[in-house]
Amino acid sequence: MPELANPARLTPALSLEGLAYSYPHAERAALRDVSLQLDPGELVLLAGRSACGKSTLLRAACGLVPHFHGGEISGRIEVAGIDALEAGPGRLASVVGYVAQDPETQVVSTTVKAEIELPLEMRGDPPVVRARAVEEVALALAIPHLLGRTVDTLSGGELQRVALAAALVTRPQLVLLDEPTSQLDPVAGDELIWLLRRLNEEWGVTILLAEHRLERCLAAADRVVAMDSGAVSFDGSPRDFLAWARDSDPALETPAARLFSLAGIEPLPVGVRDARQALRERGLR
Amino acid sequence: MRSPFAYTPRSGPLQAASPSAAVAYLGSLVVIAFLYSNALVLAAAGGAAIVAGLLAGAHRAVRAALWMGLTLALLIVVVNALVVDRGETVLARLGEWPLLGSVDVTAEALAAGAVLGLRAAVVLLLFAVYSACVDPDRVLRALRPLAGRSALTATLVSRLVPLAAADGARLRDAARLRGPAAAAVGRAPLARRLLAGSLDRAVDVAATLELRGYALEAPGGRPARSRSRHDRRFYAVGAAVLVAGIAGKLIGADAFDFYPAVEIGSGPATVALAFVVLLSGFAPHA
């Protein structure tokens, strides 16, 4: 008997087709002919230099562009089968979560519990359902001890976790993160990345993560998409990305890959484990 | 360090009251402050704001607002005395000034400035009590049926003050860290940066609010904790203050002239109104 297809599995978490966008009064386009598809359950790293269009792409994927920011847009955006250009951020809230760079600007409530509960309250979930969902997401992110606190007493790392919890509490199919580690110390940054990987594996949530510190995230990613001047310049595996960056855009090379490259060691290491393995094979450790 | 104007959850009646009841109560005093120029009534409104704030436990907010309000009032008095030369009682002749011309400081201009300053201080005090005692989360929820289509409006109403307060605390800390040798930052540039920064951040917060589904059609049913047993008290006191204020205006309780000579009305109607207004400050008493 043939296996029945699961429509949810077949629908891409995010699908962009020929997307072009310019901010109001901008001289040049922020996005140029971007076509991209994210399958359910993928963890995709979005790389690129500053002002290459990463944040704009994320904002388009959650409906803020063009609904909140205005501007001119063409092409097609679908999030979990919903037309984002028609739906807008409010309707997309049930299928997409967004975590911005600055945790301070994404907190709208006074207490942690109210902040995490807000998206559920907005869609009219009853209190019992809200309480259970808040508890679950707090446990998953190891922040149950913060639930009774006011948000202005939290550190940057704690605030970032609370923002992530608020983005995840509705169990969205797609989570977009815009440099979530930029204001965290290295340890907290690493912890957050691996927490995302764990959630990606355990909850099956698709993650699109824009980051500058690629050495921190490459090992956790399934795929890397690089952008340059508003267009996709690379789309492939983390290992292929390192080779591409060495040849095409050295600014995106990780320090370890650059070191290996200079030493003539192949393949370039995606993470610490890779690097150790390569060094061990060459008797350098 | 937390801003003195930041909302602090407490168990007082003002904090427990619904946002609309608290706004009706504090708003009635704001109306009095704008409606009246009589110093006695304005002072009573200021006294009521202080008493209300202290009874609600917002001691830091009241202290900070008093300090800021009196500084602002002093500035207004000085500016008014320099730019207005009306009045019969000349206290000092300061000669010719660039742009201002001949500057005479009169007692009447000082009195008029003092009333304007007092009004500004009273409004600031009431705003501080509101900010420290009314939960912005509840304001946000209460605004949803009214401003659901505009998260930005809701954010500006409910979050601008907390954001500005947090930014202000950070800017003060940063200024302290520069040390005594660093050039002092003027109040005006600081205020401009504070306002611009808070507006910027309010726009970002509004975007987040959109993403949390704020613009979705509000689900049926009344939100939880929308009413409190203290609401009636605050509505009643607010209405009483408004009625007394309007009645007093009609029967001439606002008698107060600055020019050509200062005449402070202190008839029975004015005194009675001032007493009612001052008494309203005890509404948050548990």
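Two strands pair if DSSP finds at least two bridges between them. Helices (H or I, at least four residues) and strands (E, at least two) are DSSP runs, numbered from the N terminus. With these terms, the sheets can be read.

This is a predicted model, in which local features need pLDDT of at least 70, side-chain atom pairs count only at pLDDT 80 or more, and totals for chains, interfaces and linings use all residues. Residues are numbered from 1 along each chain as its sequence is written, while chains are lettered from A and ligands numbered from 1 in the order in which they are written.

## Chain A: overall form

Chain A holds 12 helices and 10 strands. Its radius of gyration is 20 Å, close to the 19 Å of the globule rule for 285 residues, so chain A is as compact as a globular protein of that length. This radius is taken over C-alpha atoms, and the globule rule is 2.2 Å times the number of residues to the power 0.38. Along its principal axes, the C-alpha trace of chain A spans about 60 × 55 × 45 Å.

Strands of a sheet pair through backbone hydrogen bonds, either parallel or antiparallel.

One open sheet of chain A has six strands in the order 6-7-8-3-9-10, with mixed pairing. Strand 6 (96–99) and strand 10 (231–236) of chain A are its edges, and each pairs on one side only. From one strand to the next, the twist averages 20°. Angles here run from 0 to 180 degrees between N-to-C directions, and axes are lines fitted to C-alpha atoms, for helices over the stretch in contact.

Strand 6 of chain A runs parallel to strand 7 (residues 174–178) of chain A, over four bridges. In this pair, Gly97(A) stands opposite Val175(A). Helix 7 (residues 156–168) of chain A packs on the sheet and touches strand 6 and strand 7 of chain A; its direction makes about 165° with that of strand 6 of chain A. Helix 10 (residues 238–248) of chain A lies across strand 9 (223–228) and strand 10 of chain A, at about 130° to strand 10 of chain A.

Another open sheet of chain A has four strands in the order 2-1-4-5, with antiparallel pairing. Leu14(A) stands opposite Val79(A) in strand 4 of chain A. In the loop between strand 4 and strand 5 of chain A lies Ala80(A). Its phi is near 50°, a positive value in a residue other than glycine.

| Pair | Sense | Bridges |
|---|---|---|
| Strand 1 (14–22) and strand 4 (72–79), chain A | antiparallel | seven |
| Strand 6 and strand 7 (174–178), chain A | parallel | four |
| Strand 1 (90–97) and strand 2 (101–106), chain B | antiparallel | five |

## Chain A: cis peptide bonds

A cis peptide bond joins Val65(A) and Pro66(A), with omega about 5°. Pro66(A) lies in helix 3 (residues 64–67) of chain A. The bond from Glu266(A) to Pro267(A) is also cis, with omega near -5°. Pro267(A) sits in the loop between helix 11 (255–263) and helix 12 (272–281) of chain A.

## Chain B: hairpin, helices and domains

Strand 1 and strand 2 of chain B form a hairpin with three residues between them. Leu99(B), in the turn, has a positive phi of about 70°. Ala92(B) stands opposite Val105(B) in strand 2 of chain B.

The axes of helix 3 (residues 39–55) and helix 10 (residues 268–280) of chain B come within 7 Å and cross at roughly 10°. The two helices of chain B are therefore roughly parallel to each other. Angles under 35 degrees count as roughly parallel, over 145 as roughly antiparallel, 65 to 115 as roughly perpendicular and the rest as oblique. The contact includes Ala44(B) and Ala48(B) of helix 3 and Leu273(B) and Val277(B) of helix 10. Residues are in contact if their C-beta atoms, placed from the backbone, lie within 7 Å.

The domain assignment of chain B gives domain 1 (1–147 + 229–286) and domain 2 (149–214). Such bounds come from an automatic or database domain assignment. The domain centres, taken over C-alpha atoms, are 25 Å apart. In chain B, 12 residues of domain 1 are in contact with 13 residues of domain 2. Helix 6 (residues 136–147) of chain B gives the most to the domain 1 side, with six residues.

## Where the chains meet

The contact between the chains takes 22 residues from chain A and 24 residues from chain B. On the side of chain A, helix 5 gives the most, with four residues.

Conventions: Contact = placed C-beta atoms within 7 Å.
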